[in-house]
Amino acid sequence: MSTESISDRHEHVRSISVTALSALLGVGAAFASLAMAGDVSSVEAASAAANDMRGLLLVLGAILVQFVLYDFTDIYGEDEFGVKHYLFITFMTFSFWFVVFGILLTTEAMG
């Protein structure tokens, strides 16, 4: 087995891990945002929940937790954790949160 195949496999596992954690934390932040919003069975309550900034703070916290976690676990090893990585993690986590939270609000999941 050559060094390149080990390196390629490590990069593949790392990219899957980063993407999966971003997705899971985004979905988790959406459910936590919905739990904080409470009953959204009426249009007014759903509109108020959508405008509540606490949900946005939750997703921001989920993003920041990932940065600390990746730094602590040294998942990137010797590779540089650059701007591209920060933007990818931020985009993926926010996107999953936004879509799932929107679906939960429109389907009246808690009502």
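Here are a few notes on this predicted model, from the overall fold down to one residue.

1. Overall make-up. The protein is helical: four helices and zero strands, running α-α-α-α from the N terminus on. Of the contacts with a separation of 6 or more, 78% are between residues 24 or more positions apart.

2. Burial and surface. Of the 111 residues, 27% are buried. The accessible surface comes to about 7200 Å², and carbon and sulfur atoms hold 68% of that.

3. The main core. The largest nonpolar core has 13 residues, and the ones with the most contacts inside it are Ala29, Ala30, Leu34, Val40, Trp97, Phe101 and Leu105. At least two residues each come from α1, α2 (43-51), α3 (53-73) and α4 (83-106). The largest share is from α4, with five residues.

4. Leu105 up close. If you skip neighbours within four places in sequence, Leu105 is in contact with Leu34, Val40, Ala46, Ala49 and Ala50.

5. Ser17. This residue sits in helix α1, which spans residues 3-37. With Ile75, the separation is 58 residues in sequence and 9.2 Å in space, C-alpha to C-alpha.

Conventions
Residues are numbered from 1 along each chain as its sequence is written. This is a predicted model: local features need pLDDT of at least 70, side-chain atom pairs count only at pLDDT 80 or more; totals for chains, interfaces and linings use all residues. Side-chain values use heavy atoms; hydrogens and water are left out. A nonpolar core is a set of buried Ala, Val, Leu, Ile, Met, Phe, Trp, Tyr and Cys residues joined through side-chain atoms within 4.5 Å. Buried means under 20% relative accessible area, exposed over 50%, partly exposed in between (1.4 Å probe, protein chains only). Contact means heavy atoms within 4.5 Å. Accessible areas come from the Shrake-Rupley method with a 1.4 Å probe; for residues, only the protein chains shown count as cover.
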